[in-house]
Protein chains: 2
Amino acid sequence: MSNATPSRPTSRDVARRAGVSQATVSLVLRERWRGRVSPARAAAVREAVRELGYRPNLAARTLRLGRGRTALVVVPALTNEFFARMHAGAVRVAAEHDVGVVLYSPPTGIGRAADPFASAGATLDGVLASSMAAEALAALSGDGMPLVMLDSEPGDGAAATVNPDIATGMRLVVRHLLDLGHRRFAHIAADVPSWTFGVRARVLADELATVPGARLVTTERAPIDVTGGLLAAERALADAHRPTALVCDDDLQAAGACKAARRLGIRIPDDLSVTGFDDLAVATAVEPELTTVSLPAEELGAAGMRALLAALAGERGGTTVLPVTLTPRGSTAPPPPAGGRTNAPAP
Amino acid sequence: MSNATPSRPTSRDVARRAGVSQATVSLVLRERWRGRVSPARAAAVREAVRELGYRPNLAARTLRLGRGRTALVVVPALTNEFFARMHAGAVRVAAEHDVGVVLYSPPTGIGRAADPFASAGATLDGVLASSMAAEALAALSGDGMPLVMLDSEPGDGAAATVNPDIATGMRLVVRHLLDLGHRRFAHIAADVPSWTFGVRARVLADELATVPGARLVTTERAPIDVTGGLLAAERALADAHRPTALVCDDDLQAAGACKAARRLGIRIPDDLSVTGFDDLAVATAVEPELTTVSLPAEELGAAGMRALLAALAGERGGTTVLPVTLTPRGSTAPPPPAGGRTNAPAP
DNA sequence: CAGCGGGCGTTATACGTAAAACTTCCTGGG
DNA sequence: CCCAGGAAGTTTTACGTATAACGCCCGCTG
């Protein structure tokens, strides 16, 4: 177990053991030996590799090849379940292709974009970035490093973009509520600038504009957490012309909104309908369960990584849009009878 | 934008530009120039570095030095909020010390431990592993790679171990319930083998044993999610001799348990007390909010990374235990008056 | 004045791998 | 019989960095 040399075996050690030259070992291991090395020797090399437990030194390989097999994944916040799931999908695909993943999560929002590249530097082959601002692109595209954007504004700098069909998701939510009879809406919006939230706000407004009498009473910006949703809902419901439907940008906010309503004695879904977004674990943890939009988070990350691998291989991909579905649950229902009026006549 | 040579500048390019040799550049950049390079030349080198936007090639540096500045972090499942927060803490500390982080999350539970080392190989300097089985140690300790365990059984193979004070956490939960008057308990336990869950079960049993009349009616194993907790609670509450307190290993399970109870017409906390563990976001999303144990997840990851950095520097650390706190909320209360009897008299 | 040590720099080499360039041997066709 | 050409290897070199080993020059001292 403990030899004189506890250091890792090199390809030269393998060569010595197999009785061949180091070059031959390299040829065999790189599967470049068709018509270059006899099958018998190749087998001997592989046997020696097995016996010594040899693993190629990645630093040396990367140095020699000019590129490694490592992708940088940038996510704003891993503690957000959606990003975590996206990341899991990306890591899974990367692992399948024997590509390592280095994670970068900006300490304070989307800020200093140069840092991760300084630390992971030349060993990186590509970048998979989620929900990032455009200025971060500049630092990268100049380096000729393939960049795939996830959940972001499709732009020129990226080799490819993979997005969930947010527009359709929000459209389904609004239609669902309109079909139930709702006309007075409030939007609890995420307080961070991001493509996905921009789309949600725009589609919400657009859809309401197509229905006479329907209107957006108020938009409240809030952090993406339970407390944020709670406080925002309190503000939204304080309005005399109270909305009957609360459209939230996130399930956590929706859960908070439900708490706020209950504290005000407003029943869900009888008096107020609430919708979330993303279909996180919390959506089925609360009561009533949240009507929400299910996003294929894992598949999004997986597709993003596949696009990045394709880009590394030279292919140039466009924008991929993944389908989303509306998942109706218990937090939405027709508005109360007086839903159309301000002062409700008692039945 | 597009030069003849789009490739990264090397230290030789910097040397040429500054009118010095490549060795001098290296000396300046490594801060090894005290009495070796004149301040004027050093400044010139730094100027050239700035102008060219030079970044050292990490692969070459790693190859030369025999070690890099990269740590492997192994977590069972990033989509678990607790692990995500732990990981965030570890990444933060690593970034502060200019150390890169490679993430490995086993595709299927805690399984093949050799894989990540194959893919990240020789460039790794140390490993920070969470909730891993002991056999994974073997593959590593032999390589002489420092290993720090998080949230795991303190063992010999690791350079250091950092754990939350799970025993105290569970003790606080049980005392809290006992003080409220509960005597019939059920345990909804995580169905994965892990140090932390073993401790919880043991402490729960031990504490109940110290109080005459107190007993554990049943232990139900369940996956760590809402549905798992829901189904387990249904089983636990089907018992004729129904428990008055449900101790869950995780907040998600506790949330599911609350749903199950409500479906059975059991009020929380009036008829049944439920406790969670970890203090995840869901704990305050549900109603009533969950009484739970707050674990310092970020700090755990941060302390683990600090221990790993210390180990890389040659220091040998022991076991660090981080304090936890009980966070009482609305899901616990004294048992109903008939709590001691099986057939409750209708009031 | 010769020697010599210290400040300032350069040249040369090693890390482990990949692959181009080269050598050797063998077979078959003209 | 001789040579083209391919199979089967080996030798050599390059990747970019860090540092050991080596000069050179200047001022100081015996």
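**Buried residues, backbone geometry and contacts in a predicted model**

Q: Where in chain A does A:Thr292 lie?
A: A:Thr292 lies in strand β10 of chain A, which covers residues 292-294. The model is a predicted one.

Q: Why does A:Thr292 count as buried?
A: The relative accessibility of A:Thr292 is 0%, and a residue is called buried when its relative accessible area is under 20%; A:Thr292 therefore counts as buried.

Q: Which residues does A:Thr292 touch, not counting residues up to four places away in sequence?
A: With those neighbours left out, A:Thr292 touches A:Asp251, A:Gly276, A:Phe277, A:Asp278, A:Asp279, A:Ala283, A:Thr325, A:Leu326, A:Thr327 and A:Arg329.

Q: What makes the pair formed by the side chain of A:Thr292 and the backbone nitrogen of A:Asp279 a polar contact?
A: A polar atom of the A:Thr292 side chain lies 3.5 Å from the backbone nitrogen of A:Asp279, and because the cut-off for a polar contact is N or O atoms within 3.5 Å, this distance falls at the limit and is still counted.

Q: What kind of peptide bond joins A:Ile268 and A:Pro269, and where is A:Pro269 found?
A: The bond between A:Ile268 and A:Pro269 is cis, with an omega of about 10°, and A:Pro269 is found in the loop between α11 (251-263) and β9 (273-275) of chain A. In chain B, the bond from B:Ile268 to B:Pro269 is also cis, its omega being near 10°, and B:Pro269 lies in the loop between α11 and β9 of that chain.

Q: How many residues of chain B are in contact with chain A, and what is the area buried between the two chains?
A: In all, 37 residues of chain B are in contact with 37 residues of chain A, and the area buried between the chains is about 3,500 Å², with carbon and sulfur atoms giving 64% of it. B:Arg8, B:Lys259 and B:Glu287 supply 15% of the area that chain B buries against chain A, more than any other three residues.

Q: What makes the meeting of A:Glu289 and B:Lys259 a salt bridge?
A: The side chains of A:Glu289 and B:Lys259 meet with 2.2 Å from N to O, and because a salt bridge requires the Lys or Arg nitrogen within 4 Å of a carboxyl oxygen of Asp or Glu, the pair qualifies. The count between chain B and chain A is four salt bridges. By class, the side of chain B that touches chain A has 19 nonpolar, eight polar and 10 charged residues.

Q: Which residues come nearest to DNA strand C?
A: Of the 27 residues around DNA strand C, those that come nearest are A:Ser11, A:Tyr54, A:Arg64, B:Thr24 and B:Ser38. Of the atoms of DNA strand C that come within 4 Å of the protein, sugar and phosphate account for 59%.

Q: Which helix gives the most to the surface near DNA strand C?
A: The helix is α4(A), with four residues. By class, that surface has nine nonpolar, nine polar and nine charged residues.

Note on methods. Residues are numbered from 1 along each chain as its sequence is written. Chains are lettered from A and ligands numbered from 1 in the order in which they are written. This is a predicted model: local features need pLDDT of at least 70, side-chain atom pairs count only at pLDDT 80 or more; totals for chains, interfaces and linings use all residues. Side-chain values use heavy atoms; hydrogens and water are left out. A residue is near a molecule or strand if one of its heavy atoms lies within 4 Å of it. Helices (H or I, at least four residues) and strands (E, at least two) are DSSP runs, numbered from the N terminus. Ala, Val, Leu, Ile, Met, Phe, Trp, Tyr, Cys and Pro count as nonpolar, Asp, Glu, Lys and Arg as charged, and the others, Gly among them, as polar. Buried means under 20% relative accessible area, exposed over 50%, partly exposed in between (1.4 Å probe, protein chains only). A polar contact is a pair of N or O atoms within 3.5 Å; within protein, one must be able to donate a hydrogen and the other to accept it, and residues adjacent in sequence count only if both atoms are side-chain atoms. Contact means heavy atoms within 4.5 Å. Buried area is the accessible area (1.4 Å probe) that two parts lose on being put together, summed over both.
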